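Let's take a friendly walk through a protein fold. Have the sequence and the 3D view ready, and follow along as we go.

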Amino acid sequence: MDLSKLKRTFEARGFSVRYFETGAEATQYLAQQTAGKTVSFGGSTTLEQLSAYEALQPGADVHWHWKGDGYVQNSTVYVTSANAVSETGEIVNIDGAGNRVSATLYGPKEVFFVCGINKVVPDLHQAIDRAQNIAAPKNAMRLFGSADGGAVCVNEGDPIPACAAAGGDKCYHCKAPNSICRAIVIHQGPMRSHERCELILIGETLGF
């Protein structure tokens, strides 16, 4: 992967791009950029691994439903991750409830996508494939998997996603009521309502 080429490709589409070798450097930068602002987090294993919530809290009004702070749609800043980032300039996310992707489309004036280098793939086709067959099944296992590698049913009578039942190996294109694959959002550029839309890449393996 050519980082300088990737940066030029995303900037040509209107994104800002920052690269950091370590997660610690990235969270320090993010804390500086969000200081004094209202910040909402999307569900993200990447952000959890970075302890980003704790890092931003001293200087910003941070809300994250994963931490019991509730979900805030109309924050000034929205911080999330992505299921895949293509070298051709697209950011791909799959979501089940819609809250994680909706704030990337409308509401907050500033959006940050924080992604480990493991999320980068050559093109859009492979980005969608990664989101469907790697990220989504692992997230389904996170939500519905058991400690012994099996699967559990959250709501009585509602079948779990087929990928979770199979151990999170791939997408089975199921129609289970608990499916987390309800929408695929492809960002080809910042929304016109965004004052800033930034991709923060980190030279570490993070998230799914």
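## The sheet

In what order do the six strands of the open sheet lie? In this predicted model, the order is E1-E10-E7-E4-E2-E3, and the pairing is parallel. At the two edges you will find strand E1 (16-20) and strand E3 (61-63), each of which pairs on one side only. On average, neighbouring strands of this sheet are turned by 20° against each other, direction ignored.

Now zoom in on one pair. Strand E2 (residues 38-41) and strand E4 (residues 77-80) run parallel, and three bridges join them. Look for Phe41, which stands opposite Val79 in E4.

## A helix across the strands

The protein has seven helices along with ten strands. One of the helices to pick out is H2 (residues 23-34), which lies across E1, E2, E4, strand E7 (110-116) and strand E10 (196-202). Helix H2 runs at about 160° to E10.

## The whole protein

How does the radius of gyration of the protein compare with that of a compact globule? With 208 residues, a compact globule would come out near 17 Å, and the protein has 17 Å, so the two agree. The C-alpha atoms fill a box of roughly 45 × 35 × 30 Å, taken along the principal axes.

Buried residues make up 45% of the 208 residues.

Finally, consider the contacts with a separation of 6 or more: residues 24 or more positions apart account for 72% of them.

Terms used. Residues numbered from 1 in each chain as written. Predicted model: local features only at pLDDT ≥ 70, side-chain atom pairs only at ≥ 80, totals over all residues. Heavy atoms only, no water. Pairing = 2+ DSSP bridges. Helix = DSSP H or I, 4+ residues; strand = E, 2+ residues; numbered from the N terminus. Axes fitted to C-alpha atoms, helices over the stretch in contact; angles between N-to-C directions. Contact = heavy atoms within 4.5 Å. Rg over C-alpha atoms; globule rule 2.2 N^0.38 Å. Buried < 20%, exposed > 50% of the residue type's maximum accessible area, 1.4 Å probe, protein only.
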